[in-house]
Structure formats: structure tokens, C-alpha cells
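Please read these notes with the structure open beside you.

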Protein chains: 2
Amino acid sequence: MVSAKSLVKALLIREKYSRLAYHRFPRTTSQYLCSMQQEKWKVEDEVYFHSPPEENEDPYNLDDAPDNLNYVVKIRGGIPYVYDNKEMMEVNEPRSLPYPDLETYTLDLSHVLALIADGPTRTYCHSRLNFLEGKFSLHAMLKEMSELKEVKSNPHRDFYNVRKVDTHIHAAACMNQKHLLRFIKHTYQTEPDRIVAEKKGKKMTLKQVFESLHMDPYDLTVDSLDVHAGRQTFHRFDKFNSKYNPVGASELRDLYLKTENYIGGEYFARMVKEVARELEESKYQYTEPRLSIYGRSPDEWLNLAKWFIKHKVYSPNMRWIIQVPRIYDIFRSKNILPSFGKMLENIFVPLFEATINPKDHKELHLFLKYVTGFDSVDDESKHSGHMFSDKSLNPDLWTSEKNPPYSYYLYYMYVNIMLLNNLRKERGMCTFLFRPHCGEAGSITHLVSAFLTADNISHGLLLKKSPVLQYLYYLAQIPIAMSPLSNNSLFLEYSKNPLREFLHKGLHVSLSTDDPMQFHYTKEALMEEYAIAAQVWKLSTCDLCEIARNSVLQSGLSDKEKQKFLGVNYCKEGPEGNDIRKTNVAQIRMAFRYETLCNELSFLFDAMRTDEISTLSK
Amino acid sequence: MVSAKSLVKALLIREKYSRLAYHRFPRTTSQYLCSMQQEKWKVEDEVYFHSPPEENEDPYNLDDAPDNLNYVVKIRGGIPYVYDNKEMMEVNEPRSLPYPDLETYTLDLSHVLALIADGPTRTYCHSRLNFLEGKFSLHAMLKEMSELKEVKSNPHRDFYNVRKVDTHIHAAACMNQKHLLRFIKHTYQTEPDRIVAEKKGKKMTLKQVFESLHMDPYDLTVDSLDVHAGRQTFHRFDKFNSKYNPVGASELRDLYLKTENYIGGEYFARMVKEVARELEESKYQYTEPRLSIYGRSPDEWLNLAKWFIKHKVYSPNMRWIIQVPRIYDIFRSKNILPSFGKMLENIFVPLFEATINPKDHKELHLFLKYVTGFDSVDDESKHSGHMFSDKSLNPDLWTSEKNPPYSYYLYYMYVNIMLLNNLRKERGMCTFLFRPHCGEAGSITHLVSAFLTADNISHGLLLKKSPVLQYLYYLAQIPIAMSPLSNNSLFLEYSKNPLREFLHKGLHVSLSTDDPMQFHYTKEALMEEYAIAAQVWKLSTCDLCEIARNSVLQSGLSDKEKQKFLGVNYCKEGPEGNDIRKTNVAQIRMAFRYETLCNELSFLFDAMRTDEISTLSK
């Protein structure tokens with residue numbers, strides 16, 4: 001029986017990767033890990049986000065960019081190397097930034113892969129998870145009324161005015177279908193003669209665009225707009241993706257939902273800002289929309305930053321995440337990219353350069369203040385023939401039209417983000433979290449890659465299928481942004497969604513909308529998400545507020561905001577870190593969660609000692 | 001095998017009761033029934049509702065009351081008798097208004113009661129219902145895309161801009177919890193020193209009211225307000241009822257949610273009007289809130305009418321229904337009422353008087369223009385020891401503290417409404433529909449009573465348990481206003497709700513909210529109801545629009561409005577009666593429903609003829 005030891009080793013591996021990238025790792029678990037190794041625990045540096053500008057500050061102020069460090073950056077074989085100067089580059093002596101090389105990574109990966117297949121470990125984790133579920137259900141029966149009493153006597157704070165963050169949402173689908181429809185009609189009514197596109201060198205007015213599609217916007221309805229997911233999209237990610245094209249026309253997607261087009265992404269910016277205004281008015285809701293960087297060209301970043309600044313897209317209620325679609329194969333087959341390495345270069349070199357020399361990259365430097373992380377997105381159910389190992393071709397040599405596998409994407413994104421974060425930390429700049437889509441469909445090994453490389457994940461449905469991973473995600477309190485309505489339309493019926501079960505066991509789950517345009521009906525997509533979960537699963541106020549609190553913790557909101565929304569001690573774990581006056585989460589609940597986690601960790605370490613003793617005595 | 005014949009007889013019985021009360025009966029079924037009896041079918045008079053006043057008309061105009069007929073009305077033994085004048089009353093010669101007497105009623109009732117217990121009939125109905133379900137599921141598989149194509153090509157109309165009526169909602173809970181909370185806080189901030197109550201002769205300001213409850217409205221939250229249903233209310237109608245008391249204080253219910261109190265129901269009226277303004281802005285949503293008449297005193301009607309007029313509560317998007325709680329036992333035990341007969345008198349005599357002599361009852365006459373029906377409400381799961389029969393005591397002799405059973409309430413309400421409708425029809429005044437709560441819980445016999453007496457019902461969950469009744473409700477197309485979110489908190493988990501099954505089979509179902517204050521989370525309760533149903537049951541646009549169309553048909557909206565919202569031929573059944581440009585329901589769907597109903601009716605009549613022939617040949 002080496003289950004316990006292997007589980008502890010897996011946690012240590014995650015802690016290592018987390019520390020390197022300034023990702024977050026729960027203090028409680030970390031303390032137990034330290035005490036296991038007879039080390040003294042200390043608070044470690046974690047991610048740093050900018051506080052939003054004060055009301056009298058200009059969020060678009062380009063003048064505070066720090067000086068040029070004159071470092072030189074070069075990505076080789078997918079790994080960024082930073083040199084003190086050109087000379088050092090020529091002699092190939094990069095600054096030492098420790099990173100897990102491919103060998104280490106594949107070794108660590110295979111440890112966890114072996115673990116999730118190991119019989120005794122599976123039994124152990126399965127029974128611990130059952131125990132966690134049973135324990136919560138007892139807690140609910142015994143303490144439900146006390147929790148309710150506690151939140152009832154909590155003045156001035158209820159589910160409506162606790163802060164909630166929509167932790168997973170795509171910017172291009174952040175408005176609901178009705179909103180998009182109204183916006184399209186409005187533009188057609190107010191500016192039909194504006195030139196909005198260019199096709200084969202011919203400039204086209206808005207009216208001409210619609211004429212070329214044989215369409216009168218007056219007749220347009222949400223049905224003909226056809227952006228909503230339905231029964232037809234279940235298990236059809238391809239059909240779902242095409243729902244991003246209003247009326248099935250990619251012309252309209254380009255015009256209304258893109259940042260780069262003839263009108264400089266103006267329509268898209270206007271809609272996003274309308275969504276932002278609604279959030280600001282609602283006061284208690286925040287959102288973390290994803291904008292795309294594809295890696296086709298290094299200019300994408302500057303264009304995006306300019307779009308952001310030109311259209312004044314900043315909102316105090318939005319924090320931005322960059323999503324990188326895993327579609328190298330498409331670009332390669334169209335000969336847009338020579339290798340996967342070039343794609344990584346296009347994505348990351350501009351970020352290193354803006355970090356080294358912000359003065360010459362003012363726009364990007366500014367925009368990055370409001371970016372808090374990276375997402376990796378695409379259909380996980382697509383099968384990849386390649387098995388990632390230390391024998392895999394390095395990105396510069398990956399020139400075939402085949403798409404690299406999920407774990408390959410994740411490793412190279414992680415290493416780049418990690419090294420970038422270290423450089424930014426050195427300069428006192430904000431760092432980024434890696435928050436990939438993971439475990440929505442496909443292989444459960446995706447969840448192993450993310451266990452090492454991600455700060456937190458979106459979806460995580462497949463944790464259902466692996467007790468070991470589920471238990472590890474519990475012990476490491478890895479945040480999971482779940483979107484049961486999205487899953488319901490794509491991969492898993494609502495009633496089978498594991499969210500409630502995960503919440504009960506104590507996994508760190510939040511609720512998010514994913515794509516209001518495709519999935520939601522009402523004007524308040526996030527509230528719709530909470531309402532349906534509350535109704536179908538009969539969640540209590542305390543449950544809902546716990547999820548909302550989780551969402552703030554998971555999010556890229558700054559330390560200052562988190563102090564304001566959760567309490568000054570939010571960094572501490574357990575009831576100490578909770579201010580019920582701000583979160584409306586009962587201390588009874590917080591204490592239960594904390595004690596339960598401590599209990600599981602103690603139990604694990606006791607099991608490990610017993611193992612060691614029995615091994616010694618053999 | 002006399003199943004078919006007995007089923008036809010049951011339909012004939014319902015048709016008789018419907019005709020008498022000017023309730024609605026489907027034309028298709030009626031035509032089949034006529035042809036069965038070799039009678040010529042003709043269009044019959046049905047309910048008449050006032051069209052809403054034009055924009056330039058004053059909805060509170062008291063001057064158009066018709067003259068006094070000088071009739072005299074007297075309720076004896078629960079039955080209203082109308083006399084041409086006092087002299088005729090003295091010689092006891094009432095105007096002849098045919099009504100089903102107790103003997104007829106109990107006979108008819110027992111026919112249907114015997115039918116639902118009859119083995120062969122159950123088998124027959126069960127297999128027909130299975131067939132209906134299977135048929136729809138085939139239809140969905142084959143025609144889903146065609147339906148979708150049809151609605152997609154329908155210009156300018158989609159689920160968002162088809163008319164929807166909230167067919168079952170209680171006025172005292174028509175605002176959501178957050179709305180009530182905000183309103184309470186607002187009144188406290190703006191008028192703390194206003195005298196709003198009188199307790200033991202002592203006048204109290206709003207501030208004093210809250211002080212006496214040891215409460216500071218600033219601290220109030222939706223949790224402490226405690227009006228939302230939760231896990232605690234499941235199968236506890238008593239606990240649910242107490243949720244109508246904000247903060248558990250009946251003082252606040254009196255002050256904020258009642259039409260009769262020290263401030264003349266002003267706060268309640270203001271909140272109702274806020275809800276109405278939101279509906280008017282949304283444009284496509286209508287609602288039919290229930291206001292209570294208890295029958296404690298004959299003044300209730302005048303007070304209610306005055307409340308309505310004084311506070312100008314009229315809204316084009318609201319049509320009113322009067323709910324009569326079945327709580328005679330409570331009033332009797334407090335000695336407020338001497339007998340059940342007196343309760344009926346208090347409820348109905350004012351209506352007869354206002355109908356006979358509107359000039360002297362101007363307020364009530366006006367208010368009744370906006371009233372479209374009656375509801376009978378209370379906890380159906382309460383058991384009644386009494387078995388209703390023609391031996392039952394008549395209402396004047398019902399002086400015990402025991403509450404009469406459900407069927408007794410329904411019969412006497414029906415007879416009174418029916419006779420009132422006949423009198424009003426004679427005068428060209430609007431008539432009323434009887435729309436009781438029925439089949440939410442308790443005995444399935446409630447559904448038998450309603451099969452005879454009701455135009456349509458709210459809930460109907462228990463149709464799940466009786467194939468015969470479910471099939472009869474299908475054949476007679478009895479509208480059912482369902483509230484799955486309400487059921488989910490009180491009697492039946494969402495996933496077990498039969499709404500989808502009923503919809504598939506072709507029962508005439510609509511969606512309603514019941515009590516937004518207790519059940520809903522978002523600002524748009526009805527949309528929340530539709531959204532959750534759509535998500536959990538994966539309803540298509542066509543399904544949703546069919547439900548919305550049903551809701552308009554079921555409602556008390558006037559002929560003029562229905563023509564506008566559904567199409568000029570809405571009275572016709574089948575695709576002919578549907579204007580897709582207004583309803584967005586595919587004609588393919590309409591044709592399927594119509595053909596299926598015709599097919600079931602033919603099948604039934606064929607079965608009956610076969611029965612007859614085989615009986616003859618024996």
C-alpha cells in the first residue's frame with residue numbers, strides 16, 4: 001500500500017508547479033505538506049493582480065510605462081530564453097529562470113498518470129470521496145437550520161448583494177441572443193449607409209452586406225439568428241461552434257463579434273460595453289470574459305490592445321482573460337504557420353517584449369494590466385493520435401499538419417506563462433494565471449495535465465470518472481468554474497451534472513455561464529445560472545453564497561477588491577478568512593469545510609506514516 | 001366493454017356543465033359528440049370578456065352603469081334564486097334558471113368516479129396515452145427540423161415577442177422577494193413617520209411598527225425577510241403559507257400585502273402597480289393575478305372595488321381573478337360565520353346585486369369588468385372526513401366547525417358562478433370562468449369535481465396518477481396552468497414534473513409562476529419559469545411558443561386581444577386557427593395536434609359503435 005505516499009507526492013508535484021508559476025496553492029494543504037517533510041511553513045508569493053484604477057484615474061493612461069531593461073528574448077524549441085543583452089544572446093547565456101524541462105514534466109505527468117490507474121489508490125480515494133459526501137449530507141441534516149439562522153441574523157447581506165464573478169465566459173458570446181438581435185437591428189436602422197466591410201476590394205455598406213445575404217434585418221428573429229444551442233448541438237461541438245455565426249453567416253460574425261475587421265471591431269466593442277454597463281448597474285456582478293489570441297501573427301496583441309484602448313472597453317466589473325484556441329492544425333494546413341513553435345512565438349514573444357520594454361509597447365503594457373490569465377480552448381472530445389512524451393518533437397520541429405495533443409499545448413503554454421510571470425514579478429508587474437478549459441469531454445488525462453499546469457480549470461466534468469483525480473482536486477482545492485447549462489446543451493444533461501456532488505464534497509466550485517448568447521434565455525445570464533441550480537438542486541442560501549464566495553476567490557479580482565468583497569483576512573483559510581457580513585456564508589459552514597479538509601489531510605498523512613512504518617518493519 | 005361509451009358519456013356530461021356556465025368546450029370534440037348523437041353542430045355562446053378600454057378612455061369611468069332591473073336575489077341552501085321582484089319572492093316564484101341540482105350533480109360525479117376506477121377503461125386510456133406519447137416522439141424525430149425551418153422563416157416573430165400570459169399567480173406574491181425587500185426599505189426611508197397602523201386603539205407610525213418588531217429595515221435581507229420557499233417547505237403547505245408573512249410577522253403582511261388595512265392597502269397597490277409597469281414595458285407579457293374574497297362579510301367586495309379604483313390599479317397587462325380560500329372552518333371556529341351558507345351569501349349576493357342594479361353598485365360594477373374568473377384555493381392535501389353526496393347537509397345547515405370537502409366547495413361555487421353568468425349574459429355583461437386550483441395534491445377525486453365544474457384548472461399534477469382522467473382532460477382539452485417551480489418547492493421535484501409528458505401528449509398546458517415572491521430568483525419570474533423548463537426539458541422554440549399560445553387561449557384576455565395576439569381565426573381549432581406570424585407555432589405542429597385529436601375521437605367513436613353492435617348482436 002503506497003497509495004498515501006503517492007498521493008502526497010502528487011500534491012508536492014502540483015505545489016512545485018504552482019510555486020514556479022506564482023499560481024495559488026491552498027495554505028492548509030501546503031502546511032500539512034511542509035510538516036510532513038519537517039519543513040517550516042511560510043507564506044509564499046502568489047499571483048499579483050493590479051488594483052483597478054481609482055475613480056479619478058484614467059484607465060487608459062499610457063504614460064506610466066517603466067523603462068526598458070534591454071533584455072533580449074528568444075523562443076527556441078517552444079521555450080523562451082531571456083538574455084541580459086544582445087551579447088549574451090550571441091554567446092547563448094540566458095538569464096537563469098528555472099523551469100521544469102520536458103523530461104521533468106513528462107516524469108511528473110507519468111507519476112500522476114500511474115496513480116490514477118492504480119487499484120488501491122482508486123479504492124482509497126473512492127472511499128474518501130464517499131465519506132466526504134456522506135459527511136456533508138449529515139452536516140446538512142444536523143446544521144441546516146443553524147446555518148440558516150446564522151445567515152438570517154446577518155444584517156444587510158443576502159444572496160443578491162454578495163459579490164459573484166462569472167468565472168468563465170467568452171466575450172464573443174457574452175451578450176444574450178436577444179441583445180445581439182436588438183443590436184444588429186439598431187445598427188441597421190441608424191447607419192445603413194456606413195461602410196462596414198470590404199470584400200474583394202469592394203467596399204460595402206451595412207445595407208449592402210445584408211443585401212448580399214438576402215436578408216432584411218427587420219424580419220430577423222432569434223430563430224433566424226440561430227445562435228442558440230438546442231437539441232441539435234448535444235455531442236456536436238462542431239455544430240455548436242457554427243452557432244457563433246449569426247444567421248449562419250460568417251460575414252456577420254466578422255462584423256459584429258470580432259475585434260479585427262473593417263470598422264476596427266467597433267460593433268463588438270459597443271456590445272461588450274453595453275454588457276459592462278449592465279453589470280456596473282447591477283453592482284454585485286463581475287465577469288471575466290475571454291478574448292482570442294490565435295498566434296497567427298505577432299501583431300494580434302497590438303491590435304487587440306489598440307481595440308481595447310480606442311473603444312474604451314475598460315470596465316471595473318470586467319477582468320480579461322486571453323483564450324488561445326488549439327487550432328494550430330487549421331493554420332498549418334492553410335500555410336499560415338510553418339511550425340507550432342512559430343505559433344508559440346507569435347503568442348508569447350510580444351508579451352516578453354512588452355514586459356522588458358514597456359515604453360515601446362505602451363498600448364500592450366496598458367492592456368495587460370487588465371488581463372489576469374490565459375485560457376486554452378477547443379473541443380476536447382477531438383481525438384489526438386499523438387502521445388506526448390519526452391520523445392515528442394519540439395515545437396520548432398512540429399511542422400506537420402497534425403494538431404499537437406492537449407498535454408503538449410498545456411505544457412508549452414504553462415512554461416511560457418511561468419517564465420513570463422517570473423520576469424513580470426521581477427519588474428513588479430501583474431502576473432497571469434493559466435486557466436484552461438479542461439475535463440469538459442475527451443480523455444481524463446487532460447485533467448492530469450491541468451493538475452500540474454493550471455491554476456484553475458473550466459468545466460471539470462470528467463472528474464466524475466476518476467476518483468483519484470477528484471480527490472486530488474479536492475485536496476489541492478483546485479478551483480473549477482462549472483457551467484451546467486452549457487454542459488446541458490453540449491455534453492451532459494443537467495440532472496447528471498456533478499456540480500452539486502462536487503459542492504457537497506467540498507471541491508472548490510463556482511458557477512459560470514460560458515456563452516450567454518448560446519445558452520441563456522433571460523437578461524441576467526449569471527442569475528439564471530444560479531437560479532436554475534438553486535431550483536433543480538434545492539440549494540440553500542448558504543450553498544449559493546458559498547459558490548459566490550468561491551467565484552470571487554477563483555477570479556482575477558485584485559487583492560484590494562477581494563478584501564472588500566470577502567473580508568480583509570480572505571487569504572486565510574477556514575472561518576478566520578471569512579467575513580460573513582460580506583459573504584453571507586455561515587461560519588458553521590466554513591468551519592465544517594476547514595475541519596473536513598484538515599481531517600482528510602491528517603488521515604492521509606497518518607496513512608502514509610503507517611505505510612512507512614510497515615515498509616520499514618518488513 | 002363499455003369503456004368507450006362511458007368515456008363519451010363523461011365528455012357529454014362535461015359539455016353540459018360547460019354550456020350551462022358559458023365555459024369553453026373544444027369545437028372539435030363537440031362536433032364529434034354531436035355527430036355521434038346525429039345532431040347538427042352549431043357554434044355555442046361561450047364566455048364573454050370585456051375588451052380593455054381604449055387609450056383615450058378612462059378605465060375608471062363609473063358613469064356607464066346600466067339601469068336597475070329591480071330583480072331580487074336570495075341565496076337559500078347555497079343556491080341563488082333570482083325573482084322578478086319582491087312580490088314574486090314572497091310567493092317564492094323565482095325566475096327559471098336551469099342549474100344542475102345536487103342530485104344530478106352527484107349522479108354525474110359518480111358516473112365519472114366509477115369510470116376512473118373501471119379496469120377496462122383504465123387499460124383503454126392508459127394505452128391511448130402511451131400511444132399519444134409515442135406518436136409525439138416520432139413526430140419530434142421526423143419533423144423537428146421542418147418545424148424549426150418553418151419558425152426560422154417566420155419573419156419578425158420569435159419566442160421573445162410572442163404573447164405569454166402568466167395564467168396562475170397570486171397578487172400578494174406577484175413581486176419577487178427582492179422587490180418586496182426594496183419596497184419595504186424604500187417606505188421606511190421615505191415615510192418613517194407616517195401613521196400606518198392602529199393597534200389596540202393606538203396609532204402607530206411606520207417607525208414604531210418596526211420598533212415593535214425589534215427590527216431595523218436597513219439590516220433587512222432576503223434571508224431575514226424569509227418569504228422564499230426552501231427545502232423546509234417540501235410537503236409542508238402550512239410552512240409555505242406562513243412564508244406570506246415577511247420576517248414571520250403578520251403585521252407586515254397586513255401592512256404590505258393586504259388590500260384592507262389602515263392605509264387602505266396603499267402599499268400593496270403601489271407594489272402591484274410597479275409589477276404592472278414592468279409588464280407594460282416588457283410589452284409581451286400579461287398576468288392574471290388572484291385577489292382574495294374570503295366571504296367573512298358582504299362588504300369585502302365593495303372594499304376591494306374601492307381599493308382598485310382609489311389606487312388606480314388597472315393595467316392593460318393584468319386581468320384579475322378572485323380567489324376564495326377554502327377556510328370556512330377557521331371563520332366558523334372564530335364565530336365569524338354561522339354557517340357555510342352565509343359564507344356563500346357573502347361571496348355571491350353582492351355580485352348578483354351589482355349585476356341586477358349596477359347603478360347603485362357602480363364601483364363593484366366597474367371592477368367586475370376587469371375580473372375574468374374565480375379560483376378556489378387552499379391546501380388540497382388536507383384530508384376531509386366528509387364524503388359529499390346528495391345526503392350531505394345543505395350549506396345553510398352546515399354549521400359545524402368541520403370544513404366541507406373539496407367537491408362540496410366546488411359544486412356550490414360552480415352553481416353560483418353559473419347562475420350569475422346566465423344573469424350577466426342576459427344583461428350583456430362579462431361573464432366569469434371558474435378556474436380552481438386542482439390536482440396539486442390530495443385526492444384525485446378533486447380532478448373529477450373540476451372535470452365537471454371548472455373551465456380550466458391550476459396544477460393538475462395528479463392527472464399523472466389517473467390515466468382515465470388524464471385522457472378525459474386531453475379529449476376535452478381542459479386547460480391546465482402548470483407551475484413546476486412551485487411544485488418543486490412544495491409537492492414534486494422538478495425532474496418528476498409531468499409537464500413535458502403532458503405537453504408531448506397534447507394536453508392543453510401553460511406555464512405559470514404561482515408565487516414569484518416565494519419561488520423565483522430573477523426579476524423576470526415568468527421568463528425564469530420558461531427558461532428552466534426549456535433548459536431542463538430541452539424544449540424547442542416551437543414547444544415554447546406552443547405553451548405561450550396555450551397560455552393566451554386559456555387566459556381571460558378578451559376576444560379582441562386574442563385576435564390580435566393569436567390571429568383573427570383563433571377560435572377555430574387546428575392550423576386554420578393559427579397565425580404563425582403572431583404565434584410562431586409551426587403549422588406542422590398545429591396540424592399534428594389537430595389530426596391527433598381527431599384521430600383519438602374517431603377511434604373512440606368507432607370503439608363505441610363496435611361496442612354497440614356487439615351488444616346488439618348478443
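This is a predicted model: local features need pLDDT of at least 70, side-chain atom pairs count only at pLDDT 80 or more; totals for chains, interfaces and linings use all residues.

1. A:Gln477 is a buried residue, because its relative accessible area is 19% and buried means under 20%.

2. Where in chain A does A:Gln477 lie? The residue belongs to the loop that runs between α18 (467-475) and β12 (480-482) of chain A. Its backbone deserves a look as well: A:Gln477 is not a glycine, yet its phi is positive, at about 45 degrees. Most residues other than glycine have a negative phi.

3. A second case is in chain B. B:Asp226, also a residue other than glycine, has a positive phi near 60 degrees. The loop that holds B:Asp226 lies between α8 (222-225) and α9 (237-242) of chain B.

4. Next comes helix packing. Two packed helices are described by the angle between their axes and the distance between the axes. In chain B, helix α4 (residues 102-117) and helix α18 (residues 467-475) have axes that come within 8 Å and cross at roughly 120 degrees. The two helices α4(B) and α18(B) are therefore oblique to each other. On the α4(B) side, the contact is made by B:Val112, B:Leu115 and B:Ile116; on the α18(B) side, by B:Val468, B:Leu469 and B:Leu472. Sorted by class, this contact of α4(B) with α18(B) has 6 nonpolar residues, no polar and no charged ones.

5. How is α17(B) set against α18(B): roughly parallel or roughly antiparallel? Helix α17 (residues 445-453) of chain B packs with α18(B) at an angle of about 20 degrees, and the axes are 10 Å apart. Angles under 35 degrees count as roughly parallel, so α17(B) is roughly parallel to α18(B). The crossing of α17(B) and α18(B) is left-handed. From α17(B), the residues in the contact are B:Leu447, B:Val448, B:Ala450 and B:Phe451; from α18(B), they are B:Leu469, B:Leu472 and B:Tyr473. By class, the contact of α17(B) with α18(B) has 7 nonpolar residues, and neither polar nor charged ones.

6. Which members of the largest nonpolar core touch the most other members? Of its 375 residues, they are A:Tyr256, A:Tyr473, B:Tyr256 and B:Tyr473. Setting aside neighbours within four places in sequence, A:Tyr256 is in contact with residues including A:Leu180, A:Phe183, A:Ile184 and A:Thr187. Among its other contacts are A:Phe210, A:Tyr267 and A:Met271.

Key:
Residues are numbered from 1 along each chain as its sequence is written. Chains are lettered from A and ligands numbered from 1 in the order in which they are written. Side-chain values use heavy atoms; hydrogens and water are left out. Axes are lines fitted to C-alpha atoms, for helices over the stretch in contact, and angles run from 0 to 180 degrees between N-to-C directions. Helices (H or I, at least four residues) and strands (E, at least two) are DSSP runs, numbered from the N terminus. Angles under 35 degrees count as roughly parallel, over 145 as roughly antiparallel, 65 to 115 as roughly perpendicular and the rest as oblique. Contact means heavy atoms within 4.5 Å. Ala, Val, Leu, Ile, Met, Phe, Trp, Tyr, Cys and Pro count as nonpolar, Asp, Glu, Lys and Arg as charged, and the others, Gly among them, as polar. A nonpolar core is a set of buried Ala, Val, Leu, Ile, Met, Phe, Trp, Tyr and Cys residues joined through side-chain atoms within 4.5 Å. Buried means under 20% relative accessible area, exposed over 50%, partly exposed in between (1.4 Å probe, protein chains only). A crossing is left-handed if the near helix is turned anticlockwise from the far one by less than a right angle, and right-handed if clockwise.
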